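Let's take a walk through this structure together. Have the view open and follow along.

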Amino acid sequence: MLLAFDVGNTNIVLGLFQDGRMITNWRLETDNNKSADEYGMIINQLFKYEDLDISEVKDVIISTVVPSVLYTLQHLSVKYFHRKAIVIGAGIKTGLVVKYDNPKQVGADRIVNAVAAHAKYLGGTIAPGLKISSDALFEKTAKLPKVELEEPGHVICRNTINSIQGGLVYGHMGMVDYIVKKMKAELQEYSADASQEVKVIATGGLATLIDGGIDCIDYVDKMLTLEGLEIIYRKNKKIRKKSPGPVREGRDCDYAEDSF
């Protein structure tokens, strides 16, 4: 089995794959203060809860936008799964043509999502997500409270809670709608066939909330990143050397890291 880690600023999403099929997934809070052993114990309990054998995990792949958590998960992989994890980064085979001015600046999550969407990655836009925007509003203001991220039902709101919810949720809906329209227009400049239809796929924990208020999203796939990790793993696993035996803690297992 393959265990995939999608590490975001707010959550770590884990996907367990067997023979290319996701059999289950979990969502944990991203915590820079947790040790490899703490994460290991949590994951061990998740496996036991679903009556799965953690020893059946034969490989690990990690995509992260949180560098401080990466070392912890790499250590976890060696100690608990006896494998040095594949980490999405420079040199990993993806099959993509990344047309960013500097491809190394593209976040791992965006690369993985593009692989899963089977699209050439031309570029993109970075904006703060709903959760980050909400946290920033709460942390940087003296009196505004933290609120649940949900639609208040009205744009013209009559209390502070609903007003914050409206600004966050409807503001992000408008942002996504505008950006998608602009992207579709710009894609016409790249496409040899101007009539080619563009499909929009949304992913992430709050994708359904945003999709509920706009018409520009064609599909919501919350597991898109995990599926992309599994695809990338299949592209790279042939050049990993098979470990001759269990890896002792503190010792990397053998694999062709320089081949990626």
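**A buried pair to start with**

Asp59 and Arg83 are both buried, meaning under 20% relative accessible area with a 1.4 Å probe and protein chains only, where over 50% is exposed and in between is partly exposed. Before going on, keep in mind that this is a predicted model, where local features need pLDDT of at least 70, side-chain atom pairs count only at pLDDT 80 or more, and totals for chains, interfaces and linings use all residues. Residues are numbered from 1 along each chain as its sequence is written, and side-chain values use heavy atoms, leaving out hydrogens and water.

Back to our pair: the side chains of Asp59 and Arg83 form a salt bridge at 3.5 Å, N to O (a side-chain nitrogen of Lys or Arg within 4 Å of a carboxyl oxygen of Asp or Glu). Asp59 sits in strand E4 (residues 59–64) and Arg83 in the loop between helix H2 (67–81) and strand E5 (86–87), so this link ties together parts 24 residues apart in sequence. Helices (H or I, at least four residues) and strands (E, at least two) are DSSP runs, numbered from the N terminus.

The structure holds 8 salt bridges. Look next at Asp135, whose side chain meets that of Lys131 at 3.0 Å, N to O. Both lie in helix H4 (residues 130–140), 4 residues apart, about one turn of the helix. Asp135 also pairs with Lys146, at 3.4 Å, N to O. Lys146 is in the loop between H4 and helix H5 (160–190), so that pair connects parts 11 residues apart in sequence. Through shared partners, salt bridges join Lys131, Asp135 and Lys146 into one network.
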